[in-house]
Amino acid sequence: METVNARTAEVISGETPGAHTGRPGIRTGGVAAPAGPPPLRRAAVASAVRLGTAEARYACACSIEQLLADTAACPTAPASARALLDEVRQACQDLARAVAAGPGGQFAPPAPGPGFLERAMARTAAYTAGLWQDGAARDDAAAEALLRHATDWKTPECYAYDLADVALVHGQAAAWLAATEEPAPVFVVGIRTGGSYLAPLWAAAVAAAGRTAAPWTSLRPLRTGGRISLVPAETGRLPAALPPGTVVVAVDDQPDTGGTARAVRDALARRYPEARDIVCASPGRTYAVDGAGIRPLTRTSAVREDAGRLWQLLAPADADRLTDRARAGGAVPADATAYRVTPFRGPFLTAYGPRATDPDASRAGTRPTGPADGTGTATSTPPATGVLRISPRNTPFSLVADEPATATPGAPDARPRAYHFRFIGTGPHGAQGAEAVEALGEFLPPVRRHLDGYLVTGHEDGLRPLATELPRMTGRHRRQALEAVARYWHALDRLGGLGPVDPTVTYAPRERLATALERLRDRLARPLPVDGAWLDRHLPRRAAFGGTRARVFRTSLPYSHQSWHWQVGAPPAPDAPPVVRRFGLDWIWGGTGPLEAEISSFVVEHRLDAADLATLRTAVGDDRAFDAALELAGDALWWNVKSWLRRCPAPSPDTARRIADDLGELARYVTGLR
């Protein structure tokens, strides 16, 4: 079907919808969508152009590939989307050669430039928005899942929590090819999302060796009904046959349980029974997946060993080395101040205790990682997969000076007595995330730096939780604080917007909370203060995925929902606004959500009274969204239950009692809103 093609004809030549034409942009649910790609997509291209490196362009092209591939896999996607996908995949492979050449590598013709990235991103966004509008996701669970993937902002693990230097993947592939005793044709298949960023490097190495069996492609495994399946519309477009003796290489991030790799391998084996072999690959290794599990075949290093980046100096933690690197990167002053390394522990751990795998509180070191956990700095080898993960996201740390640099805190030349290091992502994705964080700088300490994937912030003395301070503020300061919160949400929409969605697409808030509560009840081994009757009263069966505006943005709520993430400074002068800080405002570990989710979580976590609710409603400036958020107030409990399940795998009796008590407080507040 070409129903979307006609609607997006104006962008096929590279024009964004309505740009320079006087024609309206794509409409979704009767509301005109913004012309051109949504903000987060535009920012990806702009960041790649600003960085100007081969890897930045490469990462941007790979991001487009996975977005477009998900869109083109929908049964009603137009043929023109698939034609563009072929162009983008070739661009990824061309740019992979430049990445493999190293920092001094040249963009050899016809390496795609900024203009190609801009046009491809615009067209991709138009196809996705058009399919949402045309109802491609209605009554089609697979199409809905694909379009949700195409609307999300997914960061590959190699830039996020299983770090790898992607240029080395090309060398890994070349070495594997050279070591094969009988050269054979190779067909490269990427498993999205990670495979979109890694498979082109394999494809470029295969092409350089003259062993390409077919153009590289990528597949999206979908988890539905407790099983992993591939999309028929996508597998049906795989090559009908491969040259005799072809080896198929399926490329993805490191496996956890191996379930996804096994599902893809089995599907490829059914498609190509004549294939000589099917090998799986991830950064630093190749492996076989069969009934016996995951068997490593080859191993190489996934990172440059001598790069001396902060996350490579954490195990074991060495204050002198970390300080030297921080000074060299401008994150701490270039003076003789001595620092000690301490793990950064937020209020969650203070309230509920450390998880079983947390490192000893005296060091920011290594720890083993379970097969589906993905946490740790440089981890030991879990028995299920033999994977060595380099993942600093769950080991934030601080450099603390024993004495402050100046005797008078707050003086013009005062320096923070501590610097906090929180990992937010490396490579081009991390750089884009850092740019977004900087644009939200109003909510960050004034002393900050982005270094080696870390957001480094100077410690601010005197911050206190907004939840406890708000009732004590004057009316004017309460209003100003709540207006700051609303500014944050509007900034998320402006900076992290992901575009329009089908207004009829919904999710099941009551069912998902009920399922999570059942797991929590088993985990705590005690009754909970929320039962089925409460759920029936306070949560609808279905709610709009995109909220009342049928629009979503990137949100950090999956990990930064609890009230301690909002802090205020010391009481200001009567004519000065309060200092408002937000912890966890970067969204690299977050998800996709509407404005209503942010509002409902904030309202419930901070237990706003009627006056503050009215003030916040005015600050938001959208009564429909605000009313819908209050209707979904019970949904705010889900974020907490999800965190308790993830971070409290073996709660002590005291922790279990505290969780149940906190859940009861949340539930009682929601009940009082009715």
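Biologist: Hi! How many helices and strands does the secondary structure of the chain come to?

Modeller: The chain has 23 helices and 23 strands, taken as DSSP runs numbered from the N terminus (helices are H or I with at least four residues, strands are E with at least two). Bear in mind that this is a predicted model, where local features need pLDDT of at least 70, side-chain atom pairs count only at pLDDT 80 or more, and totals for chains, interfaces and linings use all residues. Residues are numbered from 1 along each chain as its sequence is written, and side-chain values use heavy atoms, with hydrogens and water left out.

Biologist: Thanks! What share of the 674 residues counts as buried?

Modeller: Of the 674 residues, 56% are buried, meaning under 20% relative accessible area with a 1.4 Å probe and protein chains only.

Biologist: Let's turn to α6. Why do you call α6 largely enclosed?

Modeller: Because 15 of its 20 residues are buried, α6 is largely enclosed by the rest of the structure.

Biologist: And how far apart are the end C-alpha atoms of α6?

Modeller: They are 29 Å apart, which agrees with the 28 Å that the 20 residues of α6 (residues 114-133) should span at 1.5 Å a residue; the expected span is 1.5 Å times one less than the number of residues. Just after α6, glycine 135 has a positive phi of about 75°.

Biologist: New topic: how many cavities of 30 Å³ or more are there?

Modeller: The search finds three. On a 1 Å grid over the protein atoms alone, a cavity is a set of points where a 1.4 Å probe fits but cannot get out, whereas a pocket is an open set with protein on both sides within 12 Å along at least five of seven lines; lining residues have an atom within 4 Å of a point.

Biologist: What lines the largest cavity?

Modeller: Its lining includes Ala44, Cys60, Trp153 and His429, and α3 (39-51), α4 and α14 each give two or more residues. The lining has eight nonpolar, four polar and no charged residues. The space in this cavity is about 110 Å³.

Biologist: Which element gives the most to the lining of the second largest cavity?

Modeller: That's α19, with three residues. This cavity has a volume of about 50 Å³.

Biologist: What about the second largest pocket, what is its volume?

Modeller: About 640 Å³. Of its 27 lining residues, Glu55, Asp165, Arg304, Gly427 and Pro428 are the closest to its centre. The lining divides into 17 nonpolar, five polar and five charged residues.

Key:
Points joined across faces, edges and corners; volume = space filled by probe spheres on them. Nonpolar A, V, L, I, M, F, W, Y, C, P; charged D, E, K, R; others polar. Buried < 20%, exposed > 50% of the residue type's maximum accessible area, 1.4 Å probe, protein only.
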